[in-house]
Amino acid sequence: MPTHKKHRRQRGLLLVTIALMAISAPAVVAAQEDAAVDYSKKGADTCFQCHDDQTVLAVFRTKHAVPTDPNSPFGHGQLQCEACHGPGGDHAGRVRRGQERPPMVRFGSDSGTPVAEQNAYCIDCHLSDAGFAWHGSAHDNNTVACADCHTLHVERDPVLSTATQADVCFDCHQQQRTQSMKPYAHPVRQGKMDCSGCHNTHGSTTDRLLARATTNDTCYDCHAEYRGPYLWEHAPAAEDCANCHDPHGSNYPGMLSMRAPTLCQSCHSQDGHPSLPQDERGLPGGIPSQYLLGQACLNCHDQVHGSNHPSGSKLMR
Amino acid sequence: MHKQTTLFSRTLIAPLVLLAPAISFAQVDTSDWKCESCPFDQGYRAEVDAGVTYVGEDGAIRFGNATGYDDKGAYANVGGQGRYAGDGYRLDWMIEDLGLDSRVFELEGGRQGTFGFRVGYRELPYRRFDTSQTVFNPSSSDTITLPGAWVPAGLTSNMTQLSSSLRKQNIGSDRQIIDIGADWQPGAAFRLFADFRRQNRDGIDITGGSSFTQSALLPRWIDYETDQVDAGIQYGTNRASLTLAYYGSYFTNQNPSLTWDTPFTSAPGAGQYRMAMAPDNDFQQVSLSGAYRATMWDTVVAFTVASGSGEQNELLLPYTVNSGVAASALPRNALDGKVDTANYALTVTSRPLPKGRVKFAYRFDERDNKTPQSTWNRVITDIFLSGDIEQNVPYSFERSTITLSGELVVWKDIRVSAGGERKELKRDFQEVAEQTVDAGWGQVRWRPLTWLDLRVKGGATERDIDRYDETVAISLGQNPLMRKYNLAYRYRSYGELIASITPVDWPVSLGTTVLYADDRYNKSQLGITDSEEVRATVDVNWAISENSSLYLVYGHENIDALQLGSEQFGVWDWSATHEDNFDHIGAGFHWSQPDGKYKLRFDFNRSDGETSIDLFSLSGGESRLPDLTSTLDSARIEASYHWTERLDATLDVRYERFKVDDYTLVSPATIPTVLTLGAQAYDYDVWALGLGIRYHFGAGDITLAD
């Protein structure tokens, strides 16, 4: 290899080294600064001298207080209470009469500790299971604190239970709560279905934090009968279930966004099968219309998700 | 060469060495942190609920929707939860509604940080109608027949055996879900996981069975089974994460067809009909996703690459069940349907400024339908040959989205964010082959006081198309002026206000949201042309005392839409104006005695839905359909009395009133050419009274170790 080429390559590698060191440097500085701050003398034993009520102690019934798990805050060599609440040396130390104790890190949007700082403590440990996706997610962008959704000092976190999760989500997603109360909706208000069945709440690379790659893939998790591919497809159904359905709830049976026949007539105006205005002339008092009453268009074209019948091109078979 | 390798190794090792202190966490001397007073979880404890609930009214099957309280009468019920913990091992169980069709059982255990497992079983009842009636009898799971004495007629009003042949037929289904999963962490950075889920759904659904100019709504027996597998391996450090995963879905339908006798007068040989039901299908997907976090600018790069393939090869039914029709041979015995999917995503979030953040996202989704095309010679509703040669159309699409957004703290309490997005859609065989959606939005968030948080957001979205190919519409027999809802040009503008007031020293907090959106389909002559949406919510919470709280929530939704149609297959000659309203009010309080002796919770919800459709047509003038309305009142009182240290007495009272006005639900013979199931609109009052006990096993309060 010519010498100048070798030098150029070495120089390149050196630059890469410097770049990687530059990226790494802040982490090192942060860690060193962290080590320099004042932690309490005896860890949790110090904390419990004052904080010994049931709410605090309930942490021992959670996954955060498992001594045999080296990654748990109470695992061997870990920082116990101060793993989440920050260094407590100053807080536990002597203060002059009348002087307020220096605050610890507290959790929740109104706790006084900046949300970013709170979340950094959580993400520090939960990076690979939640933290990577969290960065830049809708919840992160809206400055949601982890503790806004998660209750940590309880044996069972309500947001992790199907029966109670939606109530937590609805604290912010109030419009979705309204929709969940509609007469035709998934069984969320009955506590039998949770939001995380469809949404990846910590963030994902999908639209609307969906649990699967697309809207349809998410719906097929429970409604696999509509996956097909069918011999005769209904194009909008194959593309996006939300073209016709409102998954958060609807005034119409089947969680449809409009009622048939007008829903169908918003796309179809067929030759030889005229798109008639289905008005009061078609009600039982007039000439009861097969296009308006019963299942309207679906009285005949029932296979709206697609048909696998060789004679089913009109979705009637 | 050796030197090169050494230099290259050093290049990689140097930063890793520097990273090491960060990875090994802060160096804090914890040798004196004995945690001697820590009351770590040990032993077994549980609480078990047992009781009886009496449902006081009949004819309220929909109350049993998702609850299992289908009929009037007494229901014994058991629930509870418990845990064993010791030496790092843990076993949790939970039971809900064991005596009902909505029962849930979950068992979860393992050794935290090493392995875990879970087993779950869940039932979900779906109850639709108990007022429906049918003349059909099941002769097998895929065939329904008429009574022997049935006399066919041309119109429902002439069916002489109708009233004597009707029998009650409830419509609904039950879903059972079994879930088995496990995960194992062989090292600090690796995690293997696998989850198997089997869903069974069986019951009766409604299917419209056409016999050309007439139709009958048929009770259809459903028997579905879906197996799903999620498995993978994850590697994660505090810098990077990588997951390789497999997802499989296998759907089986035990009743892939439905054969029925027509109740109407039919041509000789055309008394029986058959349709195909959902075919068996399977889908498999492999995905690789990962993320890397660099400390420089707090940058996170995340990606997903997924490739999937779905197949459907159910044996096809013949063109017709009618042997009197000289149907041709099928071009293939099974579809050999295949759909390949591809999903790629990349997101980069970074904070190049202390007060500024940017996000870039790219996403690509593809559905490539590789189902072979053949020509088919349709038999119209098992009666006669259409004479047309039709080709099946395997729809495919590609959708790519690029998003760029940023946020900047411009003043100490003001954050400004803005973003833009371009979505491109390419389709096969449809009127619109290429579609772009350009969106832009901005938001100002102002938090002038610690207790006041205001957000104002606004934006616009323009969905444009390369052209609306009217030749495609004409080839499908569609009016060329129609612009399909999901393909039409659309301009949407919207604004949203979100406010949150949480005074620090005040026990009351308030949150409100208001959304307004306006959709214009300016280039549509037929179809939806305008739509307007208003949503508003108000939440009030009042912490009356340490042991009591009260809440009040309100939600309103209004969607108006204008639709144009043509009965003359030309320009518009009728219009429909839709107005959808929905209001919800919820209120409740929670109270407990300071010592927990008595606890009381009350919740009330009222929901009102109303849809009005006003029509105007050149042929019929102005017309208004009856309003479609629904009103739901539900209330629940839950109370408990802490009788002894281990025993609670519980009371659970529920009330629900649901009333629907729906002109489409008509008796079986109302429509001359459609024999319906005669389901009636919901109108019920129901109450349920539950009494029970809750027994606590094991340790109660947590006390510090000596």
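How many of the 706 residues of chain B count as buried? Here are my notes, starting with that one.

1. **Ground rules.** This is a predicted model, so to speak: local features need pLDDT of at least 70, side-chain atom pairs count only at pLDDT 80 or more, and totals for chains, interfaces and linings use all residues. Residues are numbered from 1 along each chain as its sequence is written, while chains are lettered from A and ligands numbered from 1 in the order in which they are written.

2. **Chain B overall.** To answer the opening question, 32% of the 706 residues of chain B are buried. Buried here has a cut-off: 20 or more other C-beta atoms lie within 10 Å of the residue's own, whereas 12 or fewer makes a residue exposed and anything in between partly exposed, with C-beta atoms placed from the backbone. Chain B has three helices and 38 strands. Both are DSSP runs numbered from the N terminus: helices are H or I with at least four residues, strands are E with at least two. The C-alpha trace of chain B spans about 95 × 75 × 50 Å along its principal axes.

3. **Contacts along chain B.** Take the contacts in chain B between residues at least 6 apart in sequence: 61% of them join residues at least 24 apart. A contact means that the C-beta atoms of two residues, placed from the backbone, lie within 7 Å.

4. **A run of paired strands.** Now look at β10 (residues 171-184) of chain B, which pairs with β11(B) in the antiparallel sense over 13 bridges. Strands pair if DSSP finds at least two bridges between them. These two strands form a hairpin with five residues between them, and B:Trp184 has B:Leu192 in β11(B) as its bridge partner. Then β11(B) runs antiparallel to β12(B), joined by 21 bridges. Look there for B:Arg197, which stands opposite B:Gln228 in β12(B). The hairpin of β11(B) and β12(B) has four residues between the strands, and B:Phe212 in that hairpin takes a positive phi near 75 degrees.

5. **The largest core.** The largest nonpolar core holds 52 residues, and those touching the most other members are A:Ala260, A:Ala296, A:Cys297, B:Leu217, B:Leu218 and B:Trp260. Elements that each supply at least two residues of this core include α14 (262-265) of chain A and, from chain B, β11 (190-210) and β12 (215-236). A nonpolar core is a set of buried Ala, Val, Leu, Ile, Met, Phe, Trp, Tyr and Cys residues joined through C-beta atoms within 7 Å. A second, separate core has 16 residues, among them A:Cys47, A:Phe48, A:Cys84 and B:Trp33.

6. **Around A:Ala296.** Which residues is A:Ala296 in contact with, leaving aside its neighbours within four places in sequence? They are A:Pro261, A:Tyr291, A:Ala260 and B:Thr664. The peptide bond from A:Ala260 to A:Pro261 is worth a look, as it is cis, with omega near 15 degrees. A:Pro261 sits in the loop between α13 and α14 of chain A.

7. **Where the chains meet.** In total, 118 residues of chain A are in contact with 151 residues of chain B. On the chain A side, α1(A) gives the largest share, 15 residues. That side divides into 55 nonpolar, 41 polar and 22 charged residues. For this count, Ala, Val, Leu, Ile, Met, Phe, Trp, Tyr, Cys and Pro are nonpolar, Asp, Glu, Lys and Arg are charged, and the others, Gly among them, are polar.

8. **Two positive phi values in loops.** B:Thr381 is not a glycine, yet has a positive phi of about 40 degrees. B:Thr381 lies in the loop between β21 (379-380) and β22 (384-385) of chain B and is buried, with 25 other C-beta atoms within 10 Å. B:Trp297 has a positive phi near 60 degrees and lies in the loop between β16 (281-294) and β17 (299-312) of chain B. B:Trp297 counts as partly exposed because it has 17 C-beta neighbours inside 10 Å.

9. **A loop residue in chain A.** Is A:Cys50 buried or exposed? A:Cys50 counts as exposed, since it has 11 C-beta neighbours inside 10 Å. You will find A:Cys50 in the loop between α2 and α3 of chain A.
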